[in-house]
Amino acid sequence: MKEHDTYNSLQRPLQHRQPLSCRPTVMMLQENLTLCVPRTSSGRDPHQPVLVHWKQPDECSPNHVLIKVDRFGFSANNITYQALGEHPHFRYFDFNTTPQTDSVSPKTHGIFPVWGFGTILKSTHPKIHEGERVYGYFAPTRYLLVPVSPADVNKHAFYVPRPHLPPDRRPYNQILRCTADPQYSPNPMTEDLTMLYRPLFWTSYWCEDWLFSSNYRRGASLILISSASSKTAFCLAYLIKKRISRKEISRNVKVIGLTSKRNLQFTQNLGHYDEVLEYGSFTSGRAFSTGMDKRWIYVDVASNEQLNNRILAHFASPYSGKLAGCTILGLTNLSPASSAADTVDWTSNTLTLAPTSDGSDTDSISSFWPKFENFFMPEWLEVRKHQLSIAEIFSRQNQAWKELMANCVGWVQIERIYGGAAVKKAYEDVANNGLRPDRGFIWSLWDKEEWICSRL
Ligand SMILES: NC(=O)c1ccc[n+]([C@@H]2O[C@H](COP(=O)([O-])OP(=O)(O)OC[C@H]3O[C@@H](n4cnc5c(N)ncnc54)[C@H](OP(=O)(O)O)[C@@H]3O)[C@@H](O)[C@H]2O)c1
């Protein structure tokens, strides 16, 4: 199987159930292949990726693991990682070091992170075993050599020390050990869905939890979500509907999606929104004529300034209802080529969501609309860790994940792409034409699914 391969032909079990005797030896690890992208600061076109062939050191220093990155998910989220690669708050290019060759260096190029599954090929930590299947925040590469925090290894996970990054990035440094992961299922379909949804779904999940913690900003009944066709957005809509079905919020809460014309049908067909409207004509939608007494929350996944100005202009009218909260959840409109990427304004979550005693909106900067707040999951999770026990957090997450895995099959069509050249081409296609929401990309720098020999 090579290059574009749709899901239906992939029902056979992964070879990683084979015994460890098929494990390749370290002698085979000389040649590595990594997809790198130009840094905006280099002045090169960031949409011209480079496939870097380089020599992988075949020795591990103490407390290191060498991971064979088998495959990884790719979506607008990874484009955002790239666009914010050099941003002083996010620093997504600082997670993995770009190899040094004649034409590429850490000064000129970066590596955007990806969420994927891999196999431990070599370990110099006594508690991490060769052949283990792992899931984590990897790189688009064949082999990834990372250090391990020696004292931070447990049966569920181990951590890559990245002291140069802020401590709240710890979730990104975690590498999960599939053997002890209750959300792991060793079949190709669930692995693919995991790579696609896990990084996005938890953001949607905790964002919904954040909104619910404020009683949906004191009783908002209309939730407006931009880039509604994106997985992050429609998972949020799905989770709001789940909350309604558990009768934890009123069934009068309605979720309205905003999307582009070409993605309207797909978004409607998902069935997660009460109404889906086009960017060009959204104010003529049913929800927008429901009256001045309604409270709205706007969750912005697109970060399109023109669109946001039109939304704010609509709510400037006292007859349009009250915008009770504006949350920035995504940046699908942010291109790595845009100079805006390095100047994205970032402030932490407000996180002071308890209603004031007089019911007034303390976070408002105008009498018509509140200020936009960023939602960044690790920051909110830190707060929740002080409010809920870890066992409660795990139990809630495991239940939500179980439900998602039962519900999400078929929301998007999985498309696997194998091989460096094919992945590079697919990246260029996405960079030039945008992402189709009905496709879930699973990419691999390996030419085919070969000698995957993980032990569970
Ligand atoms: N805050 C966080 O911690 C967090 C966590 C996860 C994800 N996110 C963000 O959420 C966003 C969505 O990520 P995703 O992976 O869920 O997306 P996705 O499923 O790949 O979404 C694809 C959609 O993005 C929009 N889009 C794609 N290419 C575009 C382009 N060139 N210009 C404008 N719009 C484009 C289109 O939606 P429409 O036509 O509907 O606009 C498209 O259908 C990303 O910005 C991601 O970084 C944030």
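**Exercise 1.** Find how far an oxygen atom of the ligand is from an N or O atom in the side chain of T259.

*Solution.* In this predicted model, where local features need pLDDT of at least 70, side-chain atom pairs count only at pLDDT 80 or more, while totals for chains, interfaces and linings use all residues. Residues are numbered from 1 along each chain as its sequence is written, and side-chain values use heavy atoms, with hydrogens and water left out. Starting at the side chain of T259, one of its N or O atoms is 2.6 Å from an oxygen atom of the ligand. For the side chain of S227, the corresponding distance to a ligand oxygen atom is 2.7 Å. Turning to the backbone, a polar atom of F375 is 3.1 Å from a nitrogen atom of the ligand. The protein covers 86% of the 940 Å² of accessible area that the ligand has on its own (areas by the Shrake-Rupley method with a 1.4 Å probe).

**Exercise 2.** Describe the shell around the ligand by class, helix and domain.

*Solution.* Begin with the count: 27 residues surround the ligand, and S75, S229, T259, S260 and Y279 are the closest (a residue is near if one of its heavy atoms lies within 4 Å). Sorted by class, the shell has 15 polar, eleven nonpolar and one charged residues (Asp, Glu, Lys and Arg count as charged; Ala, Val, Leu, Ile, Met, Phe, Trp, Tyr, Cys and Pro as nonpolar; the others, Gly among them, as polar). Next come the helices (DSSP runs of H or I, at least four residues): α1 (76-83), α3 (188-213) and α5 (231-245) each supply at least two residues, and α1 gives the most, with three. Finally, domain 1 (5-194 + 412-444) and domain 2 (199-387) each provide at least three residues of the shell, with bounds from an automatic or database domain assignment.

**Exercise 3.** Determine whether K68 and V299 are buried or exposed, and locate their strands.

*Solution.* K68 is found in strand β4 (residues 64-74), a strand being a DSSP run of E with at least two residues. With a relative accessible area of 2%, K68 is buried (buried means under 20%, exposed over 50%, partly exposed in between). The side chain of K68 is joined to that of D70 by a polar contact of 2.4 Å (a pair of N or O atoms within 3.5 Å, where within protein one must be able to donate a hydrogen and the other to accept it, and residues adjacent in sequence count only if both atoms are side-chain atoms). V299 belongs to strand β14 (residues 295-300) and counts as buried at 0% relative accessibility. The C-alpha atom of V299 is 6.6 Å from that of S226, although 73 residues separate them along the chain.

Technical notes
Buried < 20%, exposed > 50% of the residue type's maximum accessible area, 1.4 Å probe, protein only.
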